Amino acid sequence: MKDLAYYMGLNYRIELYYDAEGDWIAKNPELPGCMADGKTIEESLASLTTCRELWIETRLATGHEVPEPQLDRD
């Protein structure tokens, strides 16, 4: 059975950008709605890790599928 530790060990793609309000936004696009912000890149990435953990925990607790990272097919 795949648990939280399994999913947290996967290498999810991260999108990172600077927004108009002056914050860094970090997203895991394979996990819809999983995103975080911060005043620095490091802060936004740390917040994203927490967000990803909570996102996955919630999906597992409610019996929903947790997507795995998609491999690049170049």
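Strand β1 (residues 15-18) and strand β2 (residues 24-27) run antiparallel and are joined by four bridges. Two strands count as paired if DSSP finds at least two bridges between them. The model is predicted, so local features need pLDDT of at least 70 and side-chain atom pairs pLDDT 80 or more, while totals for chains, interfaces and linings use all residues. Residues are numbered from 1 along each chain as its sequence is written, and side-chain values use heavy atoms, without hydrogens and water.

Start with the hairpin. Leu16 has Ala26 of β2 as its bridge partner. Five residues lie between the strands β1 and β2, and in this hairpin Gly22 takes a positive phi near 90 degrees.

Lys27 has Met35 of β3 as its bridge partner. Together the three strands form an open sheet in the order β1-β2-β3, with antiparallel pairing. β1 and β3 are the edge strands, since each pairs on one side only. On average, neighbouring strands of this sheet are turned by 20 degrees against each other, direction ignored. Ala26 stands opposite Ala36 in β3.

Helix α2 (residues 41-61) packs on this sheet and touches β1, β2 and β3. Its direction makes about 150 degrees with that of β3. Axes are lines fitted to C-alpha atoms, for helices over the stretch in contact, and angles run from 0 to 180 degrees between N-to-C directions. Contact means heavy atoms within 4.5 Å.

Now look along α2 itself. This helix has 21 residues and reaches 30 Å from its first C-alpha to its last. That is close to the 30 Å expected at 1.5 Å a residue; the expected span is 1.5 Å times one less than the number of residues.

Which residues of α2 are buried? They are Ser44, Leu48, Arg52, Trp55 and Ile56. These residues cover an arc of only 105 degrees around the axis, which puts them on the same side of α2. The arc is that of the directions from the helix axis to the C-beta atoms. Buried means under 20% relative accessible area, exposed means over 50%, and partly exposed is in between (1.4 Å probe, protein chains only). The buried residues of α2 pack against α1 (4-8), β1, β2 and β3. On the other side of α2, Glu42 and Ala61 are exposed. Just after the helix, Gly63 takes a positive phi of about 75 degrees.

Leu45 is also found in α2. At 31% relative accessibility, this residue counts as partly exposed. Leu45 touches Ile14 and Ala26, with residues up to four places away in sequence not counted. Leu45 and Lys27 are 18 residues apart along the chain, and their C-alpha atoms are separated by 8.7 Å.

Turn to the aromatic rings. A search of the whole structure finds two aromatic pairs. In the pair of Tyr6 and Tyr7, the ring centres are 5.1 Å apart and the planes stand at 80 degrees, so the pair is edge-to-face. Rings of Phe, Tyr and Trp (its six-membered ring) pair if their centres lie within 6.5 Å; planes under 30 degrees apart count as stacked, over 60 as edge-to-face and the rest as tilted. Is Tyr7 buried or exposed? Tyr7 is buried, with a relative accessible area of 7%. Tyr6 counts as partly exposed, at 32% relative accessibility.

Finally, the whole chain. It has two helices and three strands, and from the N terminus on its elements run α-β-β-β-α. Of the 74 residues in the chain, 26% are buried. Among contacts with a separation of 6 or more, residues 24 or more positions apart account for 33%. Taken along the principal axes, the C-alpha atoms fill a box of roughly 40 × 35 × 15 Å.
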